[in-house]
Structure formats: C-alpha cells, structure tokens
Amino acid sequence: MEQLSESSRRDSADVASSSSSTAADVHVGGGGGGEAMARGLSAMLESVIKEFDSKSIDTLSSQDKLSGSLDRLVQELDQLLENAPLPFIVQHASRISSVKQRVSSMNLVLKSIQRRIDNIDHILSANNIQDKTASDTT
C-alpha cells in the first residue's frame, strides 16, 4: 500500500513539474503560448492516460485470473454438491456463484472503460500529430 502512495506522490510531482515547465514556456514564448500550453496539456494527459491504461490492463489481467479461479471453484463445488448436497455447501456454492457473476459483470465494465481510454488516447495522438505537422509547416 505504501508503494502505491509513494508512486502516486511521484506522479503528482511529475505532473506538477510538467505543469510548471509548461507555464514557463507560455511566459517565455509570448505569442505561441496557447500552442505551448496545449502541447503541455496534451503531454500531461497522454502520460496520465498511459499510466491509467497500464493499470487497467493489469486490473483486467487480475480479473481474468480471478474469473478463472472462480470458474474452477464453481466446478469443484458442483462436483461436491453431486456427492454431498448439504445445506451449508449449497449456501456457499450460491455465494460463490454470485461472486462469479459480479466479477464477470465487473470485467465487462473494465473492458468498456479500456475501450474508451483507447479511443481518448487515439484522439490525443491524432491531435498531437496534427499539431506537429501544423507547427512544422509554419
């Protein structure tokens, strides 16, 4: 847990230093300040999106492993239920099945979020390329 908070602090420091350098670029650049600020914001958003993308991929992987483990457990419990249908076992089997359904639902939500993030990243990359080509032609 401490690693996560330390990582978050480093990320916040990176964002703060990136923001301050962007602000300095605006003051030094004069007329092109809007473009410099846009590039700075784009770079900052791109790094945040990439970090979130990486963490969401890790989460999806973890959720897939969890889903696989739950599937295996449900199969084992089904076998156990066939051999000894005790009320206690039935109750826990239904709880595990409920958890499995919630994990599957969460996986669908995470995949939807991942697609949205990919779309945002694609749009930002396209805008970044357009800005570079526009600034190169001027």
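Author: A contact means heavy atoms within 4.5 Å. Leaving out residues up to four places away in sequence, Asn128 touches Ser42 and Glu46. This is a predicted model: local features need pLDDT of at least 70, side-chain atom pairs count only at pLDDT 80 or more, and totals for chains, interfaces and linings use all residues. Residues are numbered from 1 along each chain as its sequence is written, and side-chain values use heavy atoms, with hydrogens and water left out.

Reader: Where does Asn128 sit in the secondary structure?

Author: Helices (H or I, at least four residues) and strands (E, at least two) are DSSP runs, numbered from the N terminus. Asn128 lies in helix α3, residues 87-137. The protein chain has three helices and zero strands, in the order α-α-α along the sequence.

Reader: Is Asn128 buried or exposed?

Author: Buried means under 20% relative accessible area, exposed over 50%, and partly exposed in between (1.4 Å probe, protein chains only). Asn128 counts as buried because its relative accessibility is 17%.

Reader: What does Gln114 touch?

Author: With residues up to four places away in sequence again left out, Gln114 touches Asp53, Ser56, Ile57 and Leu60. Gln114 is placed in helix α3, and at 9% relative accessibility it counts as buried.

Reader: How much of the protein chain is buried?

Author: Of the 138 residues in the protein chain, 19% are buried.

Reader: And which share of contacts joins residues at least 24 apart?

Author: Among contacts in the protein chain between residues at least 6 apart in sequence, that share is 72%.
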